[in-house]
Amino acid sequence: MWLLAGGAVTVWCSTAGGDPARGERVFQRCFACHSVVAGEDKPPGPNLRGVVGRRAGTRLGFRFSPALIEAGARGLVWTRAALDAYLADPERFLPGTEMAMPGLSLAVDRRDVIDYLEKSGPTPRRTP
Amino acid sequence: MRRSLLVLLITLLVLPPVASAEVAVQAYPLPPGGGPHDVAVGADGIVWYTAQRAGQLGRLDPASGKVDLIPLGPAAAPHGVVIGPDGAPWVTEGGTNSIVRVDPRTREVKRWPLPEARGYVNLNTATFDKRGRIWFTGQNGIYGRLDPASGAMQVWDAPRGRGPYGIATTPDGDVYYASLAGSHIVRVDLDTGAAIVIEPPTKGQGARRVWSDSRGRIWVSEWNSGNVSRYDPKTKEWKTWKLPGDSPRAYAVYVDDRDKVWLSEWSANAMVRFDPETEKFEAFPSDRRGANVRQILGRPGEVWAPESGADRLVVYRMK
């Protein structure tokens, strides 16, 4: 679970150093709903380019679930640790999420796919 | 607490009055953590569901409420389940990229893997045609067909790539699927496997699932637009209705034996029944937060909905 501390999310654990090439293959489980290609916004989930470091529920032009918008307003930022916890069990981490996938049970899969996301493109300096 | 009351109040104001003395609602609790994704009920009344997060197929006996769980193997993450003409549950097993049959008596699990060259396709939903073949969709951009008698499997690239989602068979045996990312529906040529794209009138609507009524008209739940739409293959005409509420999200659709159209609506956390004759909606809000019904199926007199976020199966029985 994520914890709020002074309006920001306290995070720990989950380090880089995995295999982003393998992470791209893991991303096939996400591919039906997400893209990391700049400007590709037709899939039903938000574009994940630059998602690492972004405040939850804030990508412009995407209609997020109320649960994600609320979490972002309360300070949830998609750090590596937050992504790791979310991807392990999305509905438990964030009840009300509309993301359909049941989660990635293997820590190595989560680490590598987060590596892949991190390398997919620049994290915006300031989220709108 | 105040926010919850406000949400409840708004929900009650924007939704039509809860129906209906003619419908009895019963919820069956399931083993926690399974995340029931899809459900299917056989002619014998036994209910099968995919416990996607647990990698199992569940079997519920509604008479006793007893649930049995059948493991589908390491890395399993089953998405869809339908009852085949043989009375067995058939599963689109996304975790292992295979079509799976579970023998209802022996519980034996038989698996038909997709060709390795296809890679991971994110299997979604399946339907049987009238020739005993099972057709299936893969969200990463494929649809396919398996003939269980011969074991022959064919997989085709979907037009416009990723998106194939719900799939259904009409009373005449035609097969249609919806493309969520592609925002269209497809009729499949049963002989050649060719996909014929049909465009709903609402641009970018996010066609998620399809079902047929008794006249072969195709009903579509539109995730992005919050509409339910109907395509008549005879006249090629569409008709569209917006679900109740400010920003509805129509996930699943199913047409019951009385040609009433059932939908799961995520914004209001409700099941919704639409009467095509009166063009009126009735809402059945869940009493659990974030119930997240992802699919609906039934048999005459019963409509079943898996509450993936609440680990329950809910049945709506017509009196």
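Biologist: How do β8(B) and strand β9 of chain B pair, and over how many bridges?

Modeller: In general, the strands of a sheet pair through backbone hydrogen bonds, either parallel or antiparallel. This is a predicted model, and in it β8(B) and β9 (residues 109-113) of chain B pair in the antiparallel sense over five bridges. One facing pair is B:Ile99, which stands opposite B:Trp112 in β9(B).

Biologist: What links the two strands of that hairpin, and which residue there takes a positive phi?

Modeller: Most residues other than glycine have a negative phi. The hairpin of β8(B) and β9(B) has six residues between its strands, and B:Arg107 takes a positive phi near 70°.

Biologist: In which sense do strand β7 of chain B and β8(B) pair?

Modeller: Strand β7 (residues 89-93) of chain B pairs with β8(B) in the antiparallel sense, over four bridges. B:Trp90 has B:Arg101 in β8(B) as its bridge partner, and B:Val91 stands opposite B:Val100 in β8(B). β7(B) and β8(B) also form a hairpin, with four residues between them; in its turn B:Asn97 has a positive phi of about 60°.

Biologist: Is strand β8 of chain B mostly covered or mostly open?

Modeller: Strand β8 (residues 98-102) of chain B is mostly covered, as four of its five residues are buried.

Biologist: What is the strand order of the sheet that contains these strands?

Modeller: The sheet is open and consists of four strands of chain B in the order β6-β7-β8-β9, with antiparallel pairing. Its edge strands are β6 (78-83) and β9 of chain B, each of which pairs on one side only. From one strand to the next, the twist averages 20°.

Biologist: Which strands of chain B form the open sheet that begins with β10?

Modeller: That open sheet has four strands in the order β10-β11-β12-β13 (chain B), and the pairing is antiparallel. At the edges stand β10 (123-128) and β13 (152-157) of chain B; each has a single partner strand, so one side of each is left without a neighbour in the sheet. The twist here averages 20° from one strand to the next. Within this sheet, strand β12 (residues 142-147) of chain B pairs with β13(B) in the antiparallel sense over six bridges. B:Asp147 stands opposite B:Ala152 in β13(B).

Biologist: Let us return to the backbone angles. Where is B:Glu279 found, and why does it count as exposed?

Modeller: B:Glu279 is in the loop between β24 (270-275) and β25 (280-285) of chain B. The residue has a positive phi of about 60° although it is not a glycine. B:Glu279 counts as exposed because it has 9 C-beta neighbours inside 10 Å, and the limit for that class is 12 or fewer.

Biologist: How does one judge the overall form of chain B?

Modeller: One may compare the radius of gyration with that of a compact globule. For 319 residues such a globule would have a radius near 20 Å, and the 19 Å of chain B agrees with this. The C-alpha trace of chain B spans about 55 × 45 × 35 Å along its principal axes. Of its 319 residues, 52% count as buried. The secondary structure of chain B comes to one helix and 28 strands. Among contacts in chain B with a separation of 6 or more, 45% join residues 24 or more positions apart.

Biologist: How many residues of chain A are in contact with chain B?

Modeller: In chain A, 14 residues are in contact with 19 residues of chain B. On the side of chain A that touches chain B, the residues divide into seven nonpolar, three polar and four charged.

Biologist: Within chain A, where is the place of A:Gly72, and which residues does A:Gly72 touch?

Modeller: A:Gly72 lies in helix α2 (residues 66-73) of chain A. Leaving aside residues up to four places away in sequence, A:Gly72 touches A:Arg55, A:Ala56, A:Gly57 and A:Thr58. The C-alpha atoms of A:Gly72 and A:Arg55 are separated by 5.7 Å, although these residues are 17 residues apart along the chain. A:Gly72 counts as partly exposed because it has 19 C-beta neighbours inside 10 Å.

Methods:
Residues numbered from 1 in each chain as written. Chains lettered and ligands numbered in written order. Predicted model: local features only at pLDDT ≥ 70, side-chain atom pairs only at ≥ 80, totals over all residues. Buried ≥ 20, exposed ≤ 12 C-beta atoms within 10 Å, placed from the backbone. Pairing = 2+ DSSP bridges. Axes fitted to C-alpha atoms, helices over the stretch in contact; angles between N-to-C directions. Contact = placed C-beta atoms within 7 Å. Nonpolar A, V, L, I, M, F, W, Y, C, P; charged D, E, K, R; others polar. Rg over C-alpha atoms; globule rule 2.2 N^0.38 Å.
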